[in-house]
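Subject: Structure handover

Hello,

Here is the structure for you to take over. My notes on it follow below.

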Amino acid sequence: MIFPEAGYTPANLRALLASAGLTQQAAANLIGVDGRTVRKWVADVDSASHRDMPLHRWLQMLAAVATL
């Protein structure tokens, strides 16, 4: 997969989920986090609800999607 930007960004996470056909809730279930957490990770950086995705979770998501 070619990402719009380098590394984890909300845009890259949205692109990854779209390419894998995953909803935010399905992605959350896949890596064992709450759906609200994923919603915060995909929120635009300038949004009050945005939270950065930890590197270990980004790597976990990449690995999980690769196995689908």
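Helices (H or I, at least four residues) are DSSP runs, numbered from the N terminus. Asn12 lies in helix 1, and Thr9 lies in the segment before this helix, which covers 10–20.

Two remarks on where the values come from. This is a predicted model, in which local features need pLDDT of at least 70 and side-chain atom pairs count only at pLDDT 80 or more, while totals for chains, interfaces and linings use all residues. Residues are numbered from 1 along each chain as its sequence is written, and side-chain values use heavy atoms, with hydrogens and water left out.

Start of helix 1

Asn12 has a relative accessible area of 0% and is therefore buried (under 20% relative accessible area, with a 1.4 Å probe and protein chains only). Thr9 also counts as buried, because its relative accessibility is 13%. The side chain of Thr9 reaches the backbone nitrogen of Asn12 at 3.0 Å. A polar atom in the side chain of Asn12, in turn, lies 2.3 Å from the backbone oxygen of Gly7.

What else does Asn12 touch, leaving aside its neighbours within four places in sequence? Asn12 is in contact (heavy atoms within 4.5 Å) with Phe3, Pro4, Glu5, Ala6, Gly7 and Trp58. Between the C-alpha atoms of Asn12 and Val65, which are 53 residues apart along the chain, the separation is 13 Å.

Helix 1 and helix 3

The axes of helix 1 and helix 3 (residues 35–42) come within 8 Å and cross at roughly 125 degrees. Axes here are lines fitted to C-alpha atoms over the stretch in contact, and angles run from 0 to 180 degrees between N-to-C directions. On the helix 1 side, Pro10, Leu13, Arg14 and Leu17 meet Val38, Trp41 and Val42 of helix 3.

Helix 2 and helix 4

How do the axes of helix 2 (residues 24–31) and helix 4 (residues 55–66) cross? They come within 10 Å and cross at roughly 100 degrees, so helix 2 and helix 4 are roughly perpendicular to each other.

Regards

Terms used. Helix = DSSP H or I, 4+ residues; strand = E, 2+ residues; numbered from the N terminus. Buried < 20%, exposed > 50% of the residue type's maximum accessible area, 1.4 Å probe, protein only. Polar contact = N/O pair within 3.5 Å; in protein donor to acceptor, adjacent residues only side chain to side chain. Parallel < 35°, antiparallel > 145°, perpendicular 65-115°, else oblique.
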